Amino acid sequence: MILMDYSWKLCTEELIAFIENSPSVFHAVDNMRRMLDKEGYVQLLEGNRWELKEGGCYYVIRNSSSLIAFRIPGRDYRGFQIMASHSDSPTFRIKENPEIETEGSYVKLNVEKYGGMLCAPWFDRPLSVAGRLVIKEENRLVTKLVSVDKDLLLIPSLAIHMNREANDGYKYNPQKDMLPLYGIDGAKGSFMKQVALAAGVEETAVIGSDLFLYSRMKGSVWGADEEFISSGKLDDLQCAYASLRGFLEAGTGESVPVYCVFDNEEVGSSTRQGAASTFLQDTLLRIQEGLGKTEGDYRRALASSFMISADNAHGVHPNYPEKACPTNRPKLNGGIVIKYSANQRYTTDGVSAALLKEILDGAGIPWQVFVNRSDLPGGSTLGNISLNQVSVKCADIGLAQLAMHSPYETAGVKDTEYLIRAAKEFFETSVLECESGIFELKKNIRYTHNQHMSAS
């Protein structure tokens with residue numbers, strides 16, 4: 001029995017397709033690029049001079065795994081409306097010289113953990129490999145996306161008969177327990193040949209690689225009334241996809257809408273393409289420069305700017321309700337989750353929360369609150385890291401989910417659409433600080449022809 005509203009169903013189907021086509025961070029960003037290209041956005045290169053025009057739509061990519069897109073509403077814009085998410089998820093990276101032969105027969109692959117994943121769900125499910133290759137073409141080195149589109153690997157569990165305590169809790173050793181089985185007998189020496197074949201190149205042309213495992217299990221919609229979605233990478237491609245949809249559907253307001261996706265959030269963000277890098281700051285400064293504005297103009301624009309850090313949140317677990325805060329208990333399909341932390345792992349404060357709530361309430365978008373139990377340490381995300389480079393008002397949000405950092409996570413079917421709508425409202429709104437402690441929200445938008453057709 002399907003009782004979902006069609007718009008929820010459509011958003012969920014599109015999200016599942018986006019994730020399925022994004023087996024690595026490089027594929028995810030390439031899919032975002034394709035969505036932007038389709039809407040007429042122009043790619044800028046960091047090594048070139050930027051020629052920006054009023055009304056122009058642009059994006060820039062760093063390392064093929066982080067992306068920032070923006071529109072120029074006019075030369076005298078108010079500030080920046082920034083929404084950030086991340087492209088990476090916990091997984092396993094393929095090591096150099098990965099093949100390990102054991103027992104004179106089995107061939108397994110040497111891998112290392114990327115990020116803080118739940119290990120147990122990686123066992124006994126079909127896996128494959130995706131990422132990028134660096135190819136030598138004459139005198140140039142060219143990067144090329146690759147995904148081995150078949151069930152290639154599996155990490156087999158040890159039978160209960162050989163470890164009677166397996167269900168009593170187990171500490172996994174990633175160098176022993178988590179190595180995927182690749183083949184038997186004649187498989188030795190063929191792994192990189194298979195990867196090169198999938199990329200359509202000769203193995204001898206491959207000079208470098210960034211390869212990762214990914215789960216082959218397809219996303220699904222399930223539940224009594226089909227109210228749940230399960231898939232890999234919901235953290236954080238659900239936010240990345242929904243905020244991009246909202247960005248593309250938003251009309252042009254008085255501020256510069258800025259859509260950001262950073263890589264390496266799961267390992268601390270301290271890379272040239274992570275939230276701790278200068279990527280966002282560099283881009284904002286170059287927008288100023290491209291429009292002939294001064295550094296003083298940039299500082300004034302920051303004073304009327306607002307950032308949303310969008311990274312999924314923990315919903316109350318049905319089997320472990322005691323793990324949630326006693327008074328703040330987000331649920332799946334409950335709307336946007338506003339995240340708070342006294343130690344500033346999340347940046348939300350009274351002002352940024354009030355501004356965000358006004359935007360959400362004005363559009364009739366439901367919201368709820370996440371705060372960790374006071375005796376449990378919480379994770380951090382993009383907001384407080386980004387603010388070290390770009391100092392603006394900021395709030396942290398997410399969508400409620402279960403089994404975070406599993407290769408198969410669960411969320412609510414309604415929430416993707418809620419975030420698309422929330423992102424659209426956010427990008428159409430300007431947040432102005434009129435004087436110390438006094439703020440104003442302004443929404444004075446206009447649509448391009450395509451956006452007007454979409455909005456209607």
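The second largest pocket holds about 780 Å³ of space. Of its 18 lining residues, Phe123, Pro156, Ser157, Leu158 and Asp177 are the closest to its centre. The lining of the second largest pocket has 11 nonpolar, 4 polar and 3 charged residues. The model is predicted, and local features need pLDDT of at least 70, side-chain atom pairs count only at pLDDT 80 or more, and totals for chains, interfaces and linings use all residues. Residues are numbered from 1 along each chain as its sequence is written, and side-chain values use heavy atoms, with hydrogens and water left out.

Grid points are joined across faces, edges and corners, and a volume is the space filled by probe spheres set on the points. Ala, Val, Leu, Ile, Met, Phe, Trp, Tyr, Cys and Pro count as nonpolar, Asp, Glu, Lys and Arg as charged, and the others, Gly among them, as polar.

The largest pocket contains about 1,100 Å³ of space. Its lining is made of 38 residues, and those nearest its centre are His314, Asn372, Ala403, Met404 and His405. Strands β15 (313–314) and β18 (393–402) each give at least two residues to this lining. By class, the lining of the largest pocket divides into 16 nonpolar, 15 polar and 7 charged residues. Helices (H or I, at least four residues) and strands (E, at least two) are DSSP runs, numbered from the N terminus.

A search of the whole structure for cavities of 30 Å³ or more finds 1. The largest cavity has about 40 Å³ of space. Met83, Ile308, Ile336, Leu356, Ile359, Leu360, Ile397, Ala422 and Ala423 line the largest cavity. The lining of the largest cavity has 9 nonpolar, no polar and no charged residues.

Two packed helices are described by the angle between their axes and the distance between the axes. Axes are lines fitted to C-alpha atoms, for helices over the stretch in contact, and angles run from 0 to 180 degrees between N-to-C directions.

| Helix pair | Angle | Axis distance |
|---|---|---|
| α4 (234–249) and α9 (415–427) | about 45 degrees | 7 Å |
| α2 (25–38) and α4 | about 10 degrees | 11 Å |
| α5 (279–290) and α6 (295–303) | about 120 degrees | 10 Å |

Angles under 35 degrees count as roughly parallel, over 145 as roughly antiparallel, 65 to 115 as roughly perpendicular and the rest as oblique. Contact means heavy atoms within 4.5 Å. A crossing is left-handed if the near helix is turned anticlockwise from the far one by less than a right angle, and right-handed if clockwise.

Helices α5 and α6, at about 120 degrees, are therefore oblique. Their crossing is right-handed. Gln281, Leu284, Leu285 and Gln288 of α5 make the contact with Asp297, Tyr298, Ala301 and Leu302 of α6. These residues divide into 5 nonpolar, 2 polar and 1 charged.

Helices α4 and α9 are also oblique to each other, and their crossing is right-handed. On the α4 side the contact is made by Gln238, Cys239, Ala242, Ser243, Arg245, Gly246, Phe247 and Glu249, and on the α9 side by Thr416, Leu419, Ile420, Ala423, Lys424 and Phe427. By class there are 7 nonpolar, 4 polar and 3 charged residues in this contact. Ala423 of α9 is also among the residues lining the largest cavity.

Helices α2 and α4 are roughly parallel to each other. In α2, Ala28, Met32, Met35 and Leu36 meet Leu237, Ala240, Tyr241, Leu244, Arg245, Phe247 and Leu248 of α4. The contact of α2 with α4 has 10 nonpolar, no polar and 1 charged residue.

Two backbone features remain. The peptide bond from aspartate 235 to aspartate 236 is cis, with omega near 15 degrees, and aspartate 236 belongs to helix α4. Asparagine 97, although not a glycine, has a positive phi of about 50 degrees; this asparagine 97 lies in strand β5 (residues 91–102).

Key: On a 1 Å grid over the protein atoms alone, a cavity is a set of points where a 1.4 Å probe fits but cannot get out, and a pocket is an open set with protein on both sides within 12 Å along at least five of seven lines; lining residues have an atom within 4 Å of a point.
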